Amino acid sequence: MILRLLVTFLWLILISQSKLDSCEQWIKQLGDLDFFTEAQIRMVCMHQKEWVKDRDEEAGKKFLEVTTDNQLKYLRHVEQCTRENCVREARRKKRAPTKSIRKEIRMMSPAELRNLGIAMNGLKNRQIDNITAWDLHTLVHYPDSAPGAHWGPAFLPWHREFLRQFEIALQTEVPSVTLPYWDSTLDQGLPEEADSVLWTDELLGNGNGYVKTGPFANWDTNVLMPLSQIPVKKLYRSTGGREQDRLMTPKDANWIITRQNFSQLTFCHDKTFESMHGLSHVWVGGFMYVIRVSPNDPTFYMHHAFIDNLWEKFRQNSQTREEREEQWATKNCNSNHGFDVQMKPFTIQNRDGLSNQYTDEWYEYQPVRHCTIEDATCDSNFYWCDMKTWRCRSRVVYGGNCTGYEGTQICYNSVCSQGKCVVPPRVRSATKSRIEDGNLSFKEKVWAKTVLLDENGKGIEDDLSRIVITDLVTNQTQIVFHSGETVFPEIPGTVYLSLPKPRAGKMSRVSLEARDQFGRYCQAQCMNSTSERYQVCQPFLNISLNSEISSPVSFTHSMSSRTFLNLDLSVHPRQMHPEMPYIVFVCSRKLVTSAMIKQAAEVVRAPTSTENYVFFRVAVFREESSNYQIEVSPYSDVGPIFSSSIEKAASAFDPNIVYVQAPNPELHKEGVRVRVSILSNNNRVQCQVKCTEKDGSMHQCDGDVDLHSDSTLSQEDVFTSDPHSLPVLGWNMKGHPSFWRHKMPFLSFHC
């Protein structure tokens with residue numbers, strides 16, 4: 001038995017070592033080239049191992065256990081239609097070229113972009129038994145379905161056929177549509193590549209988190225996003241979220257085009273090309289990060305169209321017509337990559353994917369025309385001419401980083417000033433007026449807080465940052481803005497949420513969409529009470545008086561009290577600091593960690609008060625008809641005597657709580673001691689006086705109270721110089737209102 005365990009242990013070590021050694025071999029082969037860092041090589045290596053693991057474990061069965069007859073019929077029809085180009089007549093009727101002209105996505109006209117969105121959404125919404133047509137195409141890309149799709153010479157021809165079938169599927173939805181490509185070299189090298197105009201509402205939608213804008217907003221996926229710490233079944237991205245990732249460069253593209261033989265582009269001869277292709281996958285992140293599920297994101301098809309475009313440029317540059325259809329690799333990696341082997345799951349062979357017919361008859365690529373000294377223009381408003389390199393490059397979004405490009409046309413619908421794409425103040429003002437026009441308020445509402453943070457985890461304090469709140473019951477919407485400069489206890493970037501007021505036994509449900517001052521989408525993050533960490537979440541809130549069905553949100557109907565939400569006012573002023581709300585919004589393409597989010601609240605502390613006086617509470621239990629006064633007398637010459645009728649000084653919410661005034665202990669190093677008395681017609685009333693200590697114990701006392709700037713020396717911790725906080729003084733207002741707790745005053749009189 002011991003021998004068997006030892007053998008098993010040694011076997012596991014050998015297996016893990018073989019994986020390590022194989023990645024070390026990758027590093028040895030690719031490390032001499034000036035294309036990859038060691039971390040990037042290891043990442044691609046592990047992706048290859050994950051593909052093989054998914055193939056062997058038949059990962060597709062977890063996605064769709066049994067493919068129905070209707071689903072197989074659909075896939076067979078698409079493949080047959082591809083061979084016959086069956087959409088030719090439909091395209092003629094639409095006066096579209098029978099040969100598809102694939103453009104870089106930013107070169108497409110508004111009508112072409114609109115039709116592309118319609119076609120893609122058509123596939124996404126077209127149900128074939130228990131799955132959508134879009135998801136069926138995704139399933140085709142799974143390794144157990146397509147074992148020769150990656151990591152070998154069939155990589156390029158397999159994806160050529162896959163893209164063409166997908167393009168045919170799109171054209172069955174909208175005949176005039178053509179699959180575009182994404183030339184990522186146009187984005188590479190921007191000050192912040194994720195600030196490219198590509199990731200806007202007009203093109204592919206936001207790239208930071210759940211895709212909530214653009215033509216693919218709120219898309220469901222038929223599988224959970226792999227490697228995620230939270231369950232994600234919505235389209236998700238993390239463009240440029242990790243510093244070590246990069247996009248393909250012009251140097252990469254030139255290396256590919258200038259190879260001399262097809263085998264130099266194949267994995268078992270040279271790992272460079274297929275590894276390069278993976279860089280943009282990882283850079284986009286989300287579903288694109290893991291190969292098998294990457295077709296969930298429309299970006300996949302556009303990225304692979306670019307890879308196919310580069311391959312075609314190589315074919316035109318380095319091969320004769322005959323060589324294009326005959327050259328193959330001598331090293332096939334495995335049996336799935338043979339020249340005459342079936343291109344699973346299609347009916348054709350791998351060699352058929354080399355056919356000239358694809359670009360002779362079915363499609364061709366329209367190149368990006370780059371600017372020159374003679375013609376310093378570009379063919380799209382989404383491009384600008386970089387006169388340093390004489391290349392057309394992607395423009396940067398409003399609010400994006402344009403450092404080093406002041407005086408150029410790099411900014412989209414804005415200008416580069418001090419490293420930021422901005423608009424004139426008059427345009428900002430007009431933008432806010434347009435947004436506010438017709439903005440309605442919920443008739444009955446409660447208030448909650450959220451915070452908008454930038455890429456550095458700092459609060460966004462701009463009156464154009466905003467949140468659209470939609471009542472999911474009535475579909476009424478309201479827009480709330482950042483209210484301006486924050487004051488304690490507000491966290492910088494605080495926005496007050498106006499939410500439909502919940503009724504007893506009923507729940508209000510809202511969705512939130514946050515935008516920064518530049519109109520860019522902000523990703524929601526919610527506090528996970530189990531892990532005590534902020535994590536990406538869907539921006540929905542349930543508001544109920546019942547904490548069991550409500551989101552753990554602190555809310556109040558009182559506008560004057562909303563400032564103090566998420567704050568414990570039952571502690572000493574020097575121990576008082578706000579807690580970050582349950583839901584916050586990160587307006588960044590970069591990773592903002594949970595620690596950074598928490599830090600934004602932890603650094604907020606109450607400023608030292610310089611007011612002459614503070615307020616504290618005294619509990620006075622008395623008969624309703626009594627006409628008592630309360631008096632506070634300092635022991636030393638630090639201030640005048642305070643005197644008031646109890647009726648006047650009592651809380652509007654609890655008549656037994658009376659607010660009194662004393663000299664501010666922050667101004668007196670030794671602290672302040674006062675004697676509190678109850679009077680009637682200027683005569684002292686004999687009351688039973690009790691003091692409640694910090695440990696909750698209660699005893700008889702004489703009415704003296706020590707206030708001190710040091711909480712360990714202060715008998716009464718709860719005092720304030722802010723009269724606005726008096727209605728909630730002594731309350732811990734963190735979490736759902738049902739969990740709020742009130743702390744008794746140190747001093748209480750029973751008269």
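This is a predicted model: local features need pLDDT of at least 70, side-chain atom pairs count only at pLDDT 80 or more; totals for chains, interfaces and linings use all residues.
Residues are numbered from 1 along each chain as its sequence is written, and side-chain values use heavy atoms, with hydrogens and water left out.

Now the interior. A nonpolar core here is a set of buried Ala, Val, Leu, Ile, Met, Phe, Trp, Tyr and Cys residues joined through side-chain atoms within 4.5 Å; buried is under 20% relative accessible area, exposed over 50%, partly exposed in between, with a 1.4 Å probe and protein chains only. The largest such core has 111 residues, and Tyr74, Met120 and Leu170 have the most contacts inside it. Helix α11 (residues 299-318) gives the most to this core, nine residues. Helices are DSSP runs of H or I, at least four residues, and strands are E runs of at least two, numbered from the N terminus. Domain 1 (38-365) and domain 2 (383-422) each supply at least three residues to this core.

Which residues does Leu170 touch? Leaving out residues up to four places away in sequence, they are Leu116, Ala119, Met120, Leu123, Val177 and Leu179, contact being heavy atoms within 4.5 Å. Apart from this core lies another, of 27 residues, including Tyr628 and Phe719.

Key
Domain bounds come from an automatic or database domain assignment.
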